[in-house]
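Okay, thanks for making time, everyone. I'd like to walk you through one chain today, so let me get it up on the screen.

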Amino acid sequence: MRLRTLSCLLLLAITFDAAASNLYTVINQLRAGEGNCAVAQRLPPLKPQAALERVARDLARGDQLQQSLNAAGYRVTRSRALSIRGDGVGAHAAGMLAKQGSCQELQNAAMTEVGVYLDARQVWIVLAAPFAPSVGASGQAAGQRILDLINQARATPRYCGTTAFNAARPVRWNDSLAEASRLHADDMARYNYFSHSGRDGSNPWDRIERAGYRWRSTGENIAAGQRNAEEAVAGWIKSPGHCANLMDPGFTEMGAAVAVNSRSEMGMYWAQEFGTPR
């Protein structure tokens, strides 16, 4: 009797595995515009992801989406979960999915990976775009964009917190300040921290001196998590201390850099050094 029970369970597991495999095919067919789903553009197929299968299983057990993603160690830019419930749904999930108006969700171009879980009474589908930070430009281009945005900001009088600043003259690019910025941004990204103090205890002025910059005055802005130069500068403008740095009329030069590390907490780290040479 026990052997027969185990055989039935094994057969059931094989049946659900085959149904899940078929469901991946159906999902990508619907994504491509087949069946009842019309498509406006050709989309790449969603890639099955084992971590998302675990997330889908956890959702079937009553967990929350973000909690399940965290438990699976899967970092997302965005995610979405779909479910179908009812007796015997596992055997008919493919057909039911096409009838439930899920086309828009499956054809979300931002989603690139998928995981499914199904049993006799429920089906869960998790769609996701994995966390993959990208600056979208070369380091030199990102630095130049920071310079342009800073000089645009300096051209307009503004309040930084409660302190009023007049418009200031533009700053110019300095390679030594850029190198100090690059090294600090790289270090924060590689070792997953966010601080004006370096891991070696260095301060901003220590780092620009190492880069060969002889300074009379200096200041540093850092940011983390922002996806582009526009977001980084906008954040600095909203922060009274960082805003005061970028509006300081005493600074005449600057350098900036961004570093990317998908395994770090924030993904993207920005550093900007201001200076006035001796």
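Let me start with a question: which side chain does E220 join in a polar contact of 2.9 Å? It's R207: the side chains of E220 and R207 make that contact. Before you read too much into the distance, keep in mind that this is a predicted model.

Let's stay with E220 for a moment. You'll find E220 in strand β8, which covers residues 215–224. Is E220 buried or exposed? The relative accessibility of E220 is 5%, and with the cut-off for buried at under 20%, E220 counts as buried. Leaving out residues up to four places away in sequence, E220 touches H184, H196, P204, R207, H242, N245, Q272 and E273. If you want a C-alpha distance to check on your own screen, take E220 and G255: they sit 35 residues apart along the chain, and their C-alpha atoms are separated by 9.8 Å.

Okay, zooming out to the sheet around there. β8 belongs to an open sheet of 4 strands, in the order β7-β9-β10-β8, with mixed pairing. β7 (172–173) and β8 are the edge strands, each pairing on one side only. Between β7 and β9 the pairing is parallel, over 2 bridges, and W173 stands opposite M254 in β9.

Two helices to point out here. Helix α7, residues 175–191, lies across β7, β8, β9 and β10 and runs at about 25° to β9. Then helix α9, residues 229–238, lies across β8 and β10, at about 60° to β10.

β2 pairs with β4, residues 122–130, in the antiparallel sense over 9 bridges. R80 is the residue that stands opposite L127 in β4.

Which residues of α2 are buried? A51, L52, V55, A56, D58, L59 and A60. Their cover includes α3 (65–71), β2, β3 and β4. At the start of α2, a side-chain oxygen of Q49 comes to within 3.2 Å of the backbone nitrogen of A51. Just after the helix, G62 has a positive phi of about 105°.

Last, the whole chain. There are 10 helices and 10 strands, and 42% of the 278 residues are buried. Of the contacts between residues at least 6 apart in sequence, 70% join residues at least 24 apart. The chain exposes about 14900 Å², with carbon and sulfur atoms supplying 50% of that.

That's what I had, thanks.

Technical notes: Residues are numbered from 1 along each chain as its sequence is written. This is a predicted model: local features need pLDDT of at least 70, side-chain atom pairs count only at pLDDT 80 or more; totals for chains, interfaces and linings use all residues. Side-chain values use heavy atoms; hydrogens and water are left out. Two strands pair if DSSP finds at least two bridges between them. Buried means under 20% relative accessible area, exposed over 50%, partly exposed in between (1.4 Å probe, protein chains only). Contact means heavy atoms within 4.5 Å. A polar contact is a pair of N or O atoms within 3.5 Å; within protein, one must be able to donate a hydrogen and the other to accept it, and residues adjacent in sequence count only if both atoms are side-chain atoms. Accessible areas come from the Shrake-Rupley method with a 1.4 Å probe; for residues, only the protein chains shown count as cover. Axes are lines fitted to C-alpha atoms, for helices over the stretch in contact, and angles run from 0 to 180 degrees between N-to-C directions.
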